[in-house]
Amino acid sequence: MIIVPENQIAGLITPADCLVAVEGVFASMAKRSAYNFPVIREAIGHADALYGFKSGFDRDSLALGLKSGGFWPNNVQKGLANHQSTVFLFDADTGRCRAMVGGNLLTALRTAAASAVSIKYLARKDAKVLGMIGAGHQSTYQLRAAVEQRPFEKVLAWNLHPEMLSRLEGVARELELPFETVDLDRLGDESDVIISITSSFAPILKASQVRPGTHLACMGTDTKGKQEMDAELIAAATVFADEVAQAITIGECQHAIEKGLISRDDIVEIGAVITGRHPGRSSPEEITLFDGTGVGLQDLAVASAAVELALSNGTAIEVDF
């Protein structure tokens with residue numbers, strides 16, 4: 001069995017590697033060559049933790065396995081990340097466990113890669129201003145991945161607690177991009193691309209605040225009840241998703257579905273755009289929205305890429321199992 005520990009991931013796999021892996025698995029999903037198994041997520045009744053599994057199989061790449069882990073809210077007091085996960089990969093021909101891969105950084109990278117894929121295929125080519133909603137741990141990964149897809153000239157940002165925006169400002173300065181803290185009205189009025197990555201349970205951005213031609217990557221809503229966008233904004237946009245079934249149940253689309261503002265058939269898989277079955281953006285004035293809920297196949301794709309890189313550079317740990 002191959003082991004790729006968490007402390008190797010940062011020096012092993014790049015955001016570009018993750019984008020290629022995630023883009024490929026979205027295409028496989030659209031072709032029905034890959035599918036996700038039902039997600040298990042439970043409050044375990046200890047340490048206030050949520051624990052679960054995401055799994056699936058990709059017949060194109062033969063990636064088979066699961067990500068196991070969850071959220072331990074008290075970890076920060078112990079000097080640990082609140083999100084903890086490990087990816088297990090299995091040989092599709094024999095069922096033997098092939099690899100165990102640290103999943104904490106990979107989760108952040110694959111989430112950022114998903115929004116970057118949506119920007120690559122759906123944002124206007126002349127997009128210049130990037131709006132960021134949210135300033136948590138994941139936000140910096142989102143910013144770094146986004147700037148690889150368009151020639152952004154400025155970053156505007158909003159967070160419920162403005163003092164936290166310093167981490168985003170630091171990354172923007174590193175990327176040599178002007179950075180401004182703004183209110184939501186200005187962010188929506190000036191941004192060509194908006195990434196939201198919060199844990200909100202109430203709408204933050206309204207339809208009236210978003211100008212024509214904007215692309216929104218909504219990456220924070222992954223649980224029943226969470227919400228970042230007003231349901232009317234979802235209805236006003238052309239909506240794309242990583243997986244439609246998740247988007248309508250635990251994603252940003254759940255509220256517009258419940259209100260009858262959109263139907264399941266109104267949502268397009270991002271993989272259909274990647275494979276050319278859907279044209280994507282149809283005009284410069286169209287508002288496009290990507291509902292990124294996160295799927296297990298993303299984790300398997302980036303973990304598989306990490307294993308191959310570790311094998312090729314000789315850093316993989318191999319043990320008898």
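The structure is a predicted model, in which local features need pLDDT of at least 70 and side-chain atom pairs count only at pLDDT 80 or more, while totals for chains, interfaces and linings use all residues. Residues are numbered from 1 along each chain as its sequence is written, and side-chain values use heavy atoms, with hydrogens and water left out.

**Helix pair**
- The axes of helix H2 (residues 15-30) and helix H11 (residues 296-313) come within 9 Å and cross at roughly 135 degrees, where axes are lines fitted to C-alpha atoms over the stretch in contact and angles run from 0 to 180 degrees between N-to-C directions.
- H2 and H11 are therefore oblique to each other, a class left over once angles under 35 degrees (roughly parallel), over 145 (roughly antiparallel) and 65 to 115 (roughly perpendicular) are set aside.

**Loop residues with positive phi**
- Arg32, in the loop between H2 and strand E2 (34-36), has a phi near 65 degrees, a positive value in a residue other than glycine.
- At 51% relative accessibility, Arg32 counts as exposed (exposed is over 50%, buried under 20% and partly exposed in between, with a 1.4 Å probe and protein chains only).
- Glu176 lies in the loop between helix H5 (166-174) and strand E10 (179-181); its phi is near 60 degrees, again positive in a residue other than glycine, and at 71% relative accessibility Glu176 counts as exposed.

**Strand residue Ile40**
- Ile40 is found in strand E3 (residues 40-43), strands being DSSP runs of at least two residues and helices of at least four, numbered from the N terminus.
- With 45% relative accessibility, Ile40 counts as partly exposed.

**Surface patch**
- Ile40, Ile44, Tyr51 and Phe53 make a nonpolar surface patch of about 320 Å², where a patch takes residues with over 30% relative accessible area and no salt bridge, joining like charges within 9 Å and nonpolar side chains (Val, Leu, Ile, Met, Phe, Trp, Tyr) within 5 Å.
- A salt bridge here is a side-chain nitrogen of Lys or Arg within 4 Å of a carboxyl oxygen of Asp or Glu, and accessible areas come from the Shrake-Rupley method with a 1.4 Å probe.
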